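Here is a short walk through one protein model.

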Amino acid sequence: MAQAAAVAKPPAPPRRRRASATPRRLPYLLIAPAALLMLGFIAYPVISVFYYSLQEYNPTKPWRNGFAGFDHFVHAFTDDPLFWDTLVFSAKWVFVEVGLQLLFGLALALIVNQTFAGRALGRALVFSPWAVSGVLTSAIWVLLYNSQTGITRYLADVGIGSYGTSWLSDTSTVFPAAIVADLWRGVPFFAILILADLQSVSKDLYEAAEVDGASRIKQFWHITLPHLKDAIVLSTLLRAVWEFNNVDLLYTLTGGGPAGETMTLPLYIANTSVDAHNFGYASALTTVAFVILLFCSIVYLRLSKFGGEDK
């Protein structure tokens, strides 16, 4: 009987194996080394800047090194007129450069988005300046602005201006000259991003607008611009940050001169740290610049409603 009962007893259900968490964690484990390496390269410099901003650190005067507290920040806002002058010029530089680059970039994107003979070559020519480094761009424009062999000599040959004129050494022309040099390299950035977004606009929208009798201007205002909103907001924000931190072009073209007319805050920071070896004060100025950029970026994204739907 016992043997029969044992035979009649139903078999126990098989145990379910616990799903291994390794497959779910595998992607994170694979990217962990690169993520840690990037974090180290980013976090360490940022933390170092914050630390040295509270220190008096000058390798050429080690006897004066030590904790400074907030003295550097107080000095920047109360006793350093160069800080305010460079900050105002940086804002002027960013506003003019980004505004002009956006306008010209949008115009170029609309042009090369059309169908015409040689469009591929036209796009290549439009986008090629963006592939040139900032230092090389500066070298090209230094040669173009050379008073002996550059543009001013050929203009003088036709009676415009005088020989020996240097636009980069004249306080009345150095700002427009620097603006034009940076426009040559910055406009293709906007053209590339805006063109990529233009190609995703459905042609059915334009056909429907034409049927309703909408003009080209109304189509641009009510179809093209709303579609390009996020691309324009993102590109202007990125370019504003890059232009604010622009050092290579202005340093090579003018060095901040003449008479400090083209001295931006990052260029002033570079001179303070590299030339004057005052790394503590330069770190404090860098911290101030970081806070300004962070605040302005947050406000700009909030006001522009980036990523949101227009009502």
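Start with helix α4, residues 81-112. In this predicted model, α4 gives the most to the lining of the second largest pocket, with 6 residues. That pocket holds about 430 Å³ of space. It is lined by 16 residues, and Ala91, Val94, Phe95, Ala240 and Cys296 are the closest to its centre. Three helices each supply at least two residues of this lining: α4, α10 and α13 (279-304).

Now turn to the largest pocket. About 680 Å³ of space lies in it. Its lining has 17 residues. Nearest the centre are Asn113, Gln114, Lys203, Tyr206 and Thr224. Here α5 (119-127), α9 (203-211) and α10 (216-244) each give at least two lining residues. Which helix provides the largest share of this lining? That helix is α10, with 5 residues. The classes in the lining of the largest pocket are 6 nonpolar, 6 polar and 5 charged.

Next, look at how helices pack. Two packed helices are described by the angle between their axes and the distance between the axes. Take α4 and α10 as a pair. Their axes come within 10 Å and cross at roughly 140 degrees. That angle makes α4 oblique to α10. The crossing of α4 and α10 is right-handed. On the α4 side, the residues that meet α10 are Leu87, Ser90, Trp93, Val94, Glu97, Val98, Gln101, Leu102, Leu106 and Leu110. On the α10 side, they are Phe220, Thr224, Leu228, Ile232, Thr236, Arg239, Ala240, Glu243 and Phe244. By class, the contact of α4 with α10 has 12 nonpolar, 4 polar and 3 charged residues.

Some of these names have come up already. Val94 of α4 and Ala240 of α10 meet in the helix contact, and both are among the residues closest to the centre of the second largest pocket. Thr224 of α10 is also part of the contact with α4. Thr224 is one of the residues nearest the centre of the largest pocket.

Helix α4 has another partner, α12, residues 265-275. Their axes are 8 Å apart, and the two pack at an angle of about 140 degrees. The helices α4 and α12 are therefore oblique to each other. Leu82, Phe83, Thr86, Leu87 and Ser90 of α4 make the contact with Leu265, Pro266 and Tyr268 of α12. This contact divides into 6 nonpolar, 2 polar and no charged residues. Leu87 and Ser90 take part here, and Leu87 and Ser90 also meet α10.

Are α3 and α13 roughly parallel or roughly perpendicular to each other? Helix α3 covers residues 71-78. The axes of α3 and α13 come within 9 Å and cross at roughly 70 degrees. The two helices are therefore roughly perpendicular. Their crossing is right-handed. From α3, the contact uses His72, Phe73, His75, Ala76 and Phe77. From α13 come Gly280, Tyr281, Ala284, Leu285, Thr287 and Val288. The contact of α3 with α13 has 7 nonpolar, 4 polar and no charged residues.

Finish in the loop between α11 (248-253) and α12, where proline 258 is found. A cis peptide bond joins glycine 257 to proline 258, with omega about -5 degrees. Alanine 259 is in this loop between α11 and α12 as well. Its phi is positive, about 55 degrees, although alanine 259 is not a glycine.

Methods:
Residues numbered from 1 in each chain as written. Predicted model: local features only at pLDDT ≥ 70, side-chain atom pairs only at ≥ 80, totals over all residues. Heavy atoms only, no water. 1 Å grid on protein atoms, 1.4 Å probe; cavity = no way out; pocket = protein on both sides within 12 Å on 5 of 7 lines; lining within 4 Å. Points joined across faces, edges and corners; volume = space filled by probe spheres on them. Helix = DSSP H or I, 4+ residues; strand = E, 2+ residues; numbered from the N terminus. Nonpolar A, V, L, I, M, F, W, Y, C, P; charged D, E, K, R; others polar. Axes fitted to C-alpha atoms, helices over the stretch in contact; angles between N-to-C directions. Parallel < 35°, antiparallel > 145°, perpendicular 65-115°, else oblique. Left-handed = near helix turned anticlockwise from the far one by under 90°. Contact = heavy atoms within 4.5 Å.
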